[in-house]
Amino acid sequence: MTTDFSPVDLATARDRLRQLIIDLAVVRGKVTLASGIEADYYVDLRRVTLHHEASRYVGQVMLALLDGAGISCASVGGLTMGADPVGHAIMRTAGDQGRAVDTFVVRKAQKSYGMGRQVEGPPVQGRDVVVVEDTSTTGGSALTAVEALQRAGANVVAVAIIVDRRTGAKERIEETAGVPCLYAFTKDELGLD
């Protein structure tokens, strides 16, 4: 099967990404989230960020979100694993536009062997970086990544999330990390309550 991946305008990319999230990622039923909170639905965004078509829209929408907020950076990434494909999608989209944006991966804990790093990829020390997430409930994963990046000498300039569950993550991130927290979609835009 072949798919047409011709460039599309931002409004079309955003609409298509929203529909793919609804079709592929929203799972209804009782679940316990990574935060420990119980919910009546789960947004499994890996089904979108790792999808051949949707990942292109993830990169386009998330890079436009940063651009629209006037945020520039040298690198994007976050706590493995939810953030990994988001960072790669943004890096690929930026590259398609002739822009040099790297990506990094933040481990949950610093390695006790090898180079002993918690942040992997091109060096982040002294660079402006954006922490990305697929979705957030409490902001815990993003804040773990922010702390690790600051220890590594990075200048965290923002956090960007694909789906904000509207459970206080944005506010907690902004208050704790002191950086703007942006999101592409809210649960309301996905028909979730």
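1. Basis. The model is predicted, with local features needing pLDDT of at least 70 and side-chain atom pairs counting only at pLDDT 80 or more, while totals for chains, interfaces and linings use all residues. Residues are numbered from 1 along each chain as its sequence is written, and side-chain values use heavy atoms, with hydrogens and water left out.

2. Helices (H or I, at least four residues) and strands (E, at least two) are DSSP runs, numbered from the N terminus. Helix α1 covers residues 10–25, and its 16 residues should span 22 Å at 1.5 Å a residue. The expected span is 1.5 Å times one less than the number of residues. The end C-alpha atoms of α1 are 21 Å apart, which agrees. At the start of α1, a side-chain oxygen of aspartate 9 comes to within 3.1 Å of the backbone nitrogen of alanine 11.

3. Helix α1, buried face. Ala13, Leu17, Leu20, Ile21 and Ala25 of α1 are buried. Buried means under 20% relative accessible area, exposed over 50%, and partly exposed in between (1.4 Å probe, protein chains only). Viewed down the axis of α1, the buried residues fall within an arc of 105 degrees, so they line one face of the helix. The arc is that of the directions from the helix axis to the C-beta atoms. The packing partners of these buried residues include β1 (26–32), α3 (54–68) and β7 (155–164); contact means heavy atoms within 4.5 Å.

4. Helix α4. Residues 84–96 form helix α4, whose 13 residues should span 18 Å at 1.5 Å a residue; its end C-alpha atoms are 19 Å apart, which agrees. Buried residues of α4 include Pro85, Ala89, Ile90 and Thr93. Among the elements covering the buried residues of α4 are α2, α3, β3 (75–79) and β4 (102–106). Glycine 98 follows α4 and has a positive phi, near 75 degrees.

5. Glycine 59. Glycine 59 is in helix α3 and counts as buried at 0% relative accessibility. Leaving aside neighbours within four places in sequence, glycine 59 is in contact with Ala89, Ile90 and Thr93. Its C-alpha atom is separated by 9.3 Å from that of proline 85, 26 residues apart along the chain.

6. Serine 75 is in strand β3 and counts as buried at 0% relative accessibility. The side chain of serine 75 reaches the backbone oxygen of aspartate 102 at 3.3 Å. Residues touched by serine 75, not counting those up to four places away in sequence, include Val101, Phe104, Arg127 and Val130. Alanine 74 is in the loop between α3 and β3. Alanine 74 touches Ala100, Val101, Asp102, Arg127 and Asp128, again not counting residues up to four places away in sequence. The C-alpha atoms of alanine 74 and aspartate 128 are separated by 5.6 Å, although 54 residues apart along the chain.

7. Largest pocket. The largest pocket holds about 540 Å³ of space. Of the 22 residues lining the largest pocket, Ala34, Glu133, Asp134, Thr135 and Ser141 are the closest to its centre. On a 1 Å grid over the protein atoms alone, a pocket is an open set of points where a 1.4 Å probe fits, with protein on both sides within 12 Å along at least five of seven lines; lining residues have an atom within 4 Å of a point. Strand β6 (128–136) gives the largest share of the lining, four residues.

Notes. Polar contact = N/O pair within 3.5 Å; in protein donor to acceptor, adjacent residues only side chain to side chain. Points joined across faces, edges and corners; volume = space filled by probe spheres on them.
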